[in-house]
Amino acid sequence: MDKFTIILSPVGLKDSKLALAIEEFLESKFNASVSIERKVGMGHLINFFNEERGQVNAESLLKDLQKKIPSNPLTRIILIMDVDAYVEGLNFIFGIASEGWGGIVFLRRLHPEFYGLPSHHALFRARVIKEAMHELGHSLGLAHCLERTCVMRFSNSVWEVDSKLSEFCSKCKLIIERAYPGLLRSI
């Protein structure tokens, strides 16, 4: 298999170590080159901000980013943005992805402070890693999984994010292995 590349692109992060933690985790799970590259700035989001909702329109932003940042079959991009986002029909989302391109993780509702709780860096990082893996899974062709602990299970609340693992279940690993032989470090 040619070398697969995963690009992490932080946007508006206050914690400079967060992207490094995600990079390290992904390197432990994938036979891929993982790098951190700034692709867009916070100013880019202004065109997608819905003032009435106080959130970014994730679908419109994703479509725009797909035009701005080209894709190729062996590259995925995961943008990490410290904003709140929505899609029509849902109050909020933690992330959004496009198969074959990559995805976006929206951090605002992953912070414990959002829920009036004290800051907890380890919990926050674990949540972000799970959502990065989830969106990366969608970009690799995975759908939502019914396995309770699989990272690909849909999360309707932050507590559902907390209850799942940061790993793909055996069924999801098999789907990735069939589509991208050798991409996963262990199946």
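**Figure 1. Helix α5 and its buried face.** In helix α5, which spans residues 170-179, the buried residues are C172, K173 and I176 (buried means under 20% relative accessible area, exposed over 50% and partly exposed in between, with a 1.4 Å probe and protein chains only). Viewed down the axis of α5, these buried residues lie within an arc of 100°, so they line one face of the helix (the arc is that of the directions from the helix axis to the C-beta atoms). On the face turned away from the buried side sit the exposed residues S170, K171 and R178. Helices (H or I, at least four residues) and strands (E, at least two) are DSSP runs, numbered from the N terminus. This is a predicted model, in which local features need pLDDT of at least 70 and side-chain atom pairs count only at pLDDT 80 or more, while totals for chains, interfaces and linings use all residues. Residues are numbered from 1 along each chain as its sequence is written, and side-chain values use heavy atoms, with hydrogens and water left out.

Figure 2. Which residues of helix α2 (residues 58-68) are buried? They are A58, L61, L62 and L65. They cover an arc of only 100° around the axis, which puts them on the same side of α2. An α-helix has 3.6 residues a turn, so residues three or four places apart point the same way. The buried residues of α2 pack against β4 (55-57), β5 (75-81), β6 (85-86), β7 (95-98) and β8 (102-106). Turned away from the buried side is a face with the exposed residues K63 and K67.

**Figure 3. Where α1 meets α3.** Helix α1 (residues 16-29) packs with helix α3 (residues 121-139) at an angle of about 50°, and their axes are 10 Å apart (axes are lines fitted to C-alpha atoms, for helices over the stretch in contact, and angles run from 0 to 180 degrees between N-to-C directions). The contact (heavy atoms within 4.5 Å) involves K17, L18, A21, I22, F25, L26 and K29 of α1, together with F124, R125, V128, I129, A132, M133 and L136 of α3.

Figure 4. H138 belongs to helix α3 and is buried, with a relative accessible area of 17%. Leaving aside residues up to four places away in sequence, H138 touches A97, E99, A143, H144 and M152. L110 lies in the loop between β8 and α3; L110 is buried too, with a relative accessible area of 0%.
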